Amino acid sequence: MRRQACTPRTDWQARLEAQGFDFHTIDGQPYWREDACYVFDAREIDDIEAATNELHALCMEAVDRVVRDGRYEDLGLDARAAALIERSWWDREPALYGRMDLVHDGSAPPRLLEYNADTPTALFEASVAQWYWLQDVAPEADQFNAIHEALVQRWRMLPPSSHVHFAACYDSSEDALTTDYLIDTCLQAGHRATALDIEQVGWSGRDFIDMDNLPIDRLFKLYPWEWMLAEPFAMHLQGSRLRWIEPAWKMVLSNKAVLPLLWEYFPGHPNLLPASRRRGDLDGPVVRKPCWGREGAGVIVLQPGEAESATSERCIYQAFSPLPSYEGRHALVGSWVVGDTAVGIGLREDDGLITRNTSCFVPHRFEG
């Protein structure tokens, strides 16, 4: 794995905007970068793919063990959440997608930092934007990216000509693009789709309904489960016949408190990092992570003996494994899972140790 300087396309902003990607620059700073790319060899891609598939299998086993053993308190989940999780798990409600954030330096096995299993973004960038970049600048090269085809195929898990509603916070450019892109893949699979702002999802007294007062049978929501449980309509979730995408059992995996459970269930696994709910269980530097934090919010690195600031958030601790640095840029591999299969990667980089919402997306290719 190496970072390689590239010449940006002369009209790269216009090309991205024509695809609907209009937040390539945020507050005057680049979010999308193509003055560089990351280059892998085929062995590394095989390692990332195999590690992602292995980790996803471990995660699915962890969900099953949590449900069977009732380990909800360890995850900070209450009885309402547990009931929703159990119903969706035993009903085998299917998942659509997720993104594993991995630390990968090309020598040690890829290791899981966290699983964005409920509301992952940076999807369009990984699936579409970097693919068209590759076709423009290096059409002879390859890329680990079968995300689009996998999503279209995955939607075919639903009965033919299903009607799927999609809800998101449409005032967020990133959420809007992610959701609209998923709508496109759903339509390509032969289904019907209706887009809603999350605030437009109503309750009739019997069903969740759309703006035309029609019952919603299936709803993709780019809105975290923990936020949904805090909404006034949460009282209706358990009794509703609505089926959610992502299903409620994803609450187990999208919660960073699953990381200590994974380490408990599979101690010493080469694709996991030691993790605990107690800092004292881990030697050396650690990373404190809020269980429901996003985009690096609230994440801090603590050296041995370093005092930590008080927080009211529920947190876990994970052994510190620094991201590899290339010319002062720390690179994170986001490995995408559709259904149960690894299908592609996208890379984010930052000049700091923590990947945040301001971290840049950089395309990749591989050789050999």
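This is a predicted model: local features need pLDDT of at least 70, side-chain atom pairs count only at pLDDT 80 or more; totals for chains, interfaces and linings use all residues.

Me: Why are helix 4 and helix 6 called oblique?

Reply: Their axes are 9 Å apart and the helices, residues 123–137 and 173–188, pack at an angle of about 60 degrees. Roughly perpendicular covers 65 to 115 degrees and roughly parallel needs an angle under 35, so helix 4 and helix 6 end up as oblique. The crossing of helix 4 and helix 6 is also left-handed.

Me: What makes the contact between helix 4 and helix 6?

Reply: On the helix 4 side you have Leu123, Phe124, Glu125, Ser127 and Val128, and they meet Glu174, Leu177, Thr178, Tyr181 and Leu182 of helix 6. Sorted by class, that contact has 6 nonpolar, 2 polar and 2 charged residues.

Me: Okay, next pair. Why do helix 2 and helix 9 count as roughly perpendicular?

Reply: The axes of helix 2 (residues 42–69) and helix 9 (residues 258–265) cross at roughly 95 degrees and come within 10 Å. The range for that label is 65 to 115 degrees, so helix 2 and helix 9 are roughly perpendicular to each other. Leu58, Cys59, Ala62, Arg65 and Val66 of helix 2 make the contact with Leu261, Leu262 and Tyr265 of helix 9. Those residues split into 7 nonpolar, no polar and 1 charged.

Me: How do you know whether Val103 is buried or exposed?

Reply: Val103 has 2% relative accessibility. Buried means under 20%, so Val103 counts as buried. Val103 sits in strand 5, residues 97–103. Beyond its neighbours within four places in sequence, Val103 is in contact with Pro109, Pro110, Arg111, Leu113, Ser321, Pro322, Leu323 and Pro324. And 6.4 Å separates the C-alpha atoms of Val103 and Val333, though they are 230 residues apart along the chain.

Me: Last one: what makes strand 13 and strand 15 edge strands?

Reply: Each of them, strand 13 (275–276) and strand 15 (300–302), pairs on one side only. They belong to an open sheet of 4 strands in the order 13-16-14-15, with antiparallel pairing.

Me: And how do you know that strand 14 and strand 15 are paired?

Reply: Pairing takes at least two bridges, and 3 bridges join strand 14 (residues 286–290) to strand 15, running antiparallel. In one of those bridges, Val286 has Leu302 of strand 15 as its partner.

Definitions and conventions
Residues are numbered from 1 along each chain as its sequence is written. Side-chain values use heavy atoms; hydrogens and water are left out. Axes are lines fitted to C-alpha atoms, for helices over the stretch in contact, and angles run from 0 to 180 degrees between N-to-C directions. Helices (H or I, at least four residues) and strands (E, at least two) are DSSP runs, numbered from the N terminus. Angles under 35 degrees count as roughly parallel, over 145 as roughly antiparallel, 65 to 115 as roughly perpendicular and the rest as oblique. Contact means heavy atoms within 4.5 Å. Ala, Val, Leu, Ile, Met, Phe, Trp, Tyr, Cys and Pro count as nonpolar, Asp, Glu, Lys and Arg as charged, and the others, Gly among them, as polar. Buried means under 20% relative accessible area, exposed over 50%, partly exposed in between (1.4 Å probe, protein chains only). A crossing is left-handed if the near helix is turned anticlockwise from the far one by less than a right angle, and right-handed if clockwise.
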